[in-house]
Amino acid sequence: MRRALAAGILALLFAADAAAQLPARWARSPLTEVARAQVRAELAWERYGLTGEGTVLCLIDTGADTRHADLRDGSGAARARWVLDPLGDARGVFPSLEERFGGAVWRGDEAGIPGDSHGHGTAMASIAIGDGGEGMSAGPHAGLAPSASLIVVRAYDPGLGGFPDDAVVNGVRFCRAAAAEDDALDEARMVVLLSLGGHDGSHDGEGAFERALSELAREVPIVVAAGNDGERAVRATGRVFEGERTFVGVQIPRSDRVDAELALTVRAGAPFVVESPDGARTSPLGEPGAAELSGARVRVEAVEGERSVLRVVLAARNGALAPGGYHLELAGPAVFEVWLAGARLGPTFFAPSLTGPHVRAGETITIPATASRLIAVGATVSRGTTGTLHLEGEAGARAAFSSLGPAPSGAPKPDLVAPGGWILAALSSDVRDGDPENLAGGSIARFRTEDGRVAVRGTSAAAAVVAGALLLALELDPSRAAEARALLAASARGERAWTPGLGAGELDVGRLLEVWSGAPRGSIEHGELTATRSLAIGDPALWLVARGLDEGGAPAGSALSVTLNDRVVTIPLEHGAARFALAPPPLTVGAPVIVEASIDGAPLAPITIPVLLDRSDSGAVRAAGGGCSAHRSQQPHGWLVLAVTALLLSSPRLRRVRQRRRCHGRGSPSISSWSALQRKTIGEVRRPATDSDTAMRAPSRRRQAR
């Protein structure tokens, strides 16, 4: 009874071509004016005369309303050059492209082009390249590159509520092929925008989806949303010893769908037991199979191409999925990681979440933003209030919804941040008010402005801003496309080398164009070395980021020297910065690792990196004289959180876990492990597990828009 009561209180309070197939995954989700001024985009127009002319945006999204004034030129002609609808039947008009990529291919000026009933793709296109609907001159809501052309890939599958991995990769290839056949397009001046992401996979950057996109990123810059899980409990990780047991909780809201289901990805290396809210338990599960509980069917699936990763699906039984607190009980010895991969629940009072002592607030970057060569973008606040919509934080501050880095591998993601909400974007004429499958999850009235635009928020929107900035840079000089990620990070407006919330800092278009054009660099005046996070026993790599700046804040420095455990390593700086991984020295819990460094002979403040037993602990990386980017997750505060925490810790299950931890000298779970839960909002009907750009949620299965 007490456990059920605790779970209820938490829920309310914290409320190649087409032939090359990738492994099936839960679809990636859509992740989604003032922003232009915030990133100094006007400088591109006023000083350099850049508007995106001759560049092309490859939009892989829910489609685009190519008839919208934002996406037409001054004469009224469509700026979309090509459209691929992978779910459509081949038309035979462009047989070569249709044979290679499947579906239906359209030229952008044809009649009958499929539109965008979801609305996410149209909004993202307008943020990157819209002209504000003003005809011959860019309007007040124009995107960053209002003269760019467009290729649209409608990769969104309404039946799945998201983007299948194969459709996304195939879409990038289509954009490259279509541009090669179009004399009006220049492949060298293309940017790919992926405002989508999900958690179905290992997040180590080595999954089939991530590898495929990383290879394509050698040819074209790919900008991707970092994720909207900054306020959601979607990841749990830890270690359990021989003879011990622990658990990861899953709080599932009541759903009216007869086919409701929720998916987890689990890397445990040991069998686990699933327990339902009424106490029913499965037998130990450690390989693909199925089991029955009183209120759910349990499927365990192999995640193709992901070693030692299983997908656990809790599905409706007899027409319903029992709500409440489920538990995955794990027995030692094991090091484990659990992700909330997706859900199909329909409208619910609160979103599903993970619970328990192993939940982590950080390291929630979505796939494919975890891929090494992709440009992962987090979000800052651009407009705090519009109409009745509000977003906490001052302009330029990290938006609370933006996922925190680093990637679970320790790699420094996000790369940078950009304005992500609220942004007033183009509203597709295909969107129907009240349609539960649109970007608002139903009623659009709350998000629609008087002049017919739609207010969106999300790392989707931030990624669109960066994509537009890159189009301006490619118009200036396409030869530097391969350096896009490094140049964006080097020119970002930030005081630190890298932080989990802001990456290298916020996009600065003026500084980007200065660096892109090869402006001369001064001598180094300021430098910093930072670790992306603390170390834990068993970590294969220590990720470090260094940055050098001259007196004016421009990139500076040519070589970094790092001393780690009497080992000296020299790393060349690319545009005044370096991101690299080193093998850690032998680790002992409680004995910190100290790293010293210098740039061009100028010493940097040494950093002290705590060594933890596992990632369910937390510890701050310290730099002498000024701190470092890897820090303790925000601590809960206030009598309400303390009361709920006390109630949770008094439950029999958690008392048993705490007692076992004490037997091994670990102590009770850190209160910081609950920080991801205490920030859950309540009182708003939300569509679960999608983090759509608006305050409502779009349906979730497979990759979702961010």
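A salt bridge here is a side-chain nitrogen of Lys or Arg within 4 Å of a carboxyl oxygen of Asp or Glu. With that in hand, welcome to a predicted model that holds 37 salt bridges. The chain has a mean pLDDT of 83, and 82% of its residues reach 70 or more.

**Where to read with care**

- Residues 1–20 have a pLDDT below 50, and this stretch makes 51 contacts in the model beyond near neighbours in sequence.
- Residues 623–701 also have a pLDDT below 50, with 254 contacts in the model beyond near neighbours in sequence.
- Where pLDDT is low, the predicted coordinates should not be read in detail.

**Salt bridges**

- Side chains of opposite charge can pair when their charged atoms come close.
- Asp65 and Arg67 join their side chains in a salt bridge, at 3.1 Å from N to O. Asp65 is buried, at a relative accessible area of 1%, whereas Arg67 is partly exposed at 49%.
- Asp182 and Arg107 form another salt bridge, and their closest N and O atoms are 3.8 Å apart. This pair links distant parts of the chain, 75 residues apart: Asp182 sits in the loop between helix H6 (165–181) and strand E6 (190–194), and Arg107 in strand E4 (residues 104–107). Asp182 counts as buried at 5% relative accessibility, while Arg107 is partly exposed with a relative accessible area of 23%.
- Glu363 and Arg533 meet through their side chains at 3.0 Å, N to O, in a salt bridge. Glu363 belongs to the loop between strand E18 (353–355) and strand E19 (375–380), and Arg533 to the loop between strand E25 (526–531) and strand E26 (535–536), so the pair ties together parts that are 170 residues apart in sequence. Glu363 is buried at 2% relative accessibility, and Arg533 is buried at 10%.
- One network, joined by salt bridges that share partners, takes in Asp200, Arg257, Asp259, Glu261, Arg299, Glu301, Arg311 and Arg344.

**Nonpolar cores**

- The largest nonpolar core has 78 residues, of which Val456, Leu507 and Val509 touch the most other members. Helix H8 (residues 459–476) gives the most to this core, with 13 residues.
- Beyond its neighbours within four places in sequence, Leu507 has contacts that include Val39, Leu416, Val417, Ala418, Val465 and Val466. Ala469, Leu488, Arg493 and Leu512 are also among the contacts of Leu507.

- In strand E5 (residues 149–154), 6 of the 6 residues are buried, so the strand is largely enclosed by the rest of the structure.
- In a regular strand the side chains alternate between the two faces of the sheet.
- In E5, Ser149, Ile151 and Val153 point one way, Leu150, Val152 and Arg154 point the other way, and all are buried.
- Strand E2 (residues 56–61) runs parallel to E5, and 6 bridges join the two. Leu57 has Leu150 of E5 as its bridge partner.
- Strand E3 (residues 80–85) also pairs with E5 in the parallel sense, over 4 bridges. Here Val83 stands opposite Val152 of E5.

- E25 and strand E27 (residues 542–549) run antiparallel, joined by 6 bridges. Thr530 stands opposite Val545 in E27.

**A buried serine in a loop**

- Ser255 is found in the loop between strand E10 (245–252) and strand E11 (261–267), and at 10% relative accessibility Ser255 counts as buried.
- Leaving out neighbours within four places in sequence, Ser255 is in contact with Ala260 and Leu345.
- Ser255 and Arg344 lie 89 residues apart in sequence, with their C-alpha atoms 9.0 Å apart in space. Arg344 is also one of the members of the salt-bridge network.

Note on methods. Residues are numbered from 1 along each chain as its sequence is written. This is a predicted model: local features need pLDDT of at least 70, side-chain atom pairs count only at pLDDT 80 or more; totals for chains, interfaces and linings use all residues. Side-chain values use heavy atoms; hydrogens and water are left out. A nonpolar core is a set of buried Ala, Val, Leu, Ile, Met, Phe, Trp, Tyr and Cys residues joined through side-chain atoms within 4.5 Å. Buried means under 20% relative accessible area, exposed over 50%, partly exposed in between (1.4 Å probe, protein chains only). Contact means heavy atoms within 4.5 Å. pLDDT is the predictor's confidence in each residue, from 0 to 100. Two strands pair if DSSP finds at least two bridges between them.
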